[in-house]
Amino acid sequence: VDGFVFDVDGVIADTARLHLAAWRRIAEEEGLSFDERVAGELRGLSREASLRRLLDGRQIPPEEFAEITRRKNAYYLAAVESLGACDALPGAEKLVRDLARLGIRCAAASASRNARAVLERVGVRGLLEAVIDGNDEAASKTGLHRFLLAAAAVGVEPGRCVVVEDSAAGAATARSLGMRVVGVGDPAALCAATLVFESLRGVDARILLKWLGAARSPSASLTTIRQ
Ligand code: G6P
Ligand code: MG
């Protein structure tokens, strides 16, 4: 393993709950159903894909669709305003620092167009060699997925890169791209991951690299580390 690509919302910053709170408010305002299952499925989806999932096949005019995504973003940004260093998730910053000390190239990749602002607010931006956010992915002429753009930005082949993700969608995509995956959160949802931790708190960089080195293929069997 030569590189790590960290997701932001729900891995580095405690912001997945803020995205969900904003969508819950939209669902209430728009009379759309919102439960735990929907909440789980929204994790890691782009703003537009999230609204499509909430609409569940219902068609609305494009202007209305755009207005709802703008409103959701305004709710989310109002919550981001009050983020600070205490909203970095436990263990993430230390893991980035320790991996970097061991010569591992560390980047962040997020579907969120607000990821840079979030990284700045929680104080982790300066530790990462590269950040690819939703804007970079959309603007990229190569059409490559953000995980591949992030791996390329730090000069590491995808097969030698590990993606750290809290969403089932992100973990499955990373694995399909030939990358090993460290899942953070619910092992039942993160079945595409090589290893799953309930949280990054206390995760030792050297031991992690050893385990991942043993799991050469991204489809190596799942191990769940309970803490
Ligand atoms: C991340 C989050 C999603 C969010 C997406 C887009 O992947 O996990 O919940 O919908 O980013 O975020 P944005 O800030 O651009 O609306
Ligand atoms: Mg996430």
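The questions below concern the two ligand sites of a predicted model. Local features need pLDDT of at least 70 and side-chain atom pairs pLDDT 80 or more, while totals for chains, interfaces and linings use all residues. Residues are numbered from 1 along each chain as written, and side-chain values use heavy atoms, without hydrogens and water.

Q: How many residues surround ligand 1, and which are the closest?
A: A residue counts as near if one of its heavy atoms lies within 4 Å of the molecule. The shell divides into three nonpolar, six polar and four charged residues. It holds 13 residues, the closest being L45, R47, S112, R113 and N114.

Q: Which residue has a backbone N or O atom 2.7 Å from an oxygen atom of ligand 1?
A: Polar contacts here are pairs of N or O atoms within 3.5 Å. The side chain of R47 has an N or O atom 2.6 Å from a ligand 1 oxygen, and the side chain of S112 has one at 2.6 Å. The backbone atom belongs to R113.

Q: Which residues donate to the magnesium ion (ligand 2)?
A: Donors are N, O and S atoms within 2.8 Å of the metal (3.2 Å for Na, K and Ca); water is not among the atoms, so the site may look incomplete. Their spacing in sequence is D-x1-D-x156-D. D7 lies in the loop between β1 (3-6) and α1 (16-30), and D166, 159 residues apart from it, in the loop between β4 (161-165) and α9 (168-176). At 2.0 to 2.1 Å, the protein donors are D7 (OD), D9 (O) and D166 (OD).

Conventions
Chains are lettered from A and ligands numbered from 1 in the order in which they are written. A polar contact is a pair of N or O atoms within 3.5 Å; within protein, one must be able to donate a hydrogen and the other to accept it, and residues adjacent in sequence count only if both atoms are side-chain atoms. Ala, Val, Leu, Ile, Met, Phe, Trp, Tyr, Cys and Pro count as nonpolar, Asp, Glu, Lys and Arg as charged, and the others, Gly among them, as polar. Helices (H or I, at least four residues) and strands (E, at least two) are DSSP runs, numbered from the N terminus.
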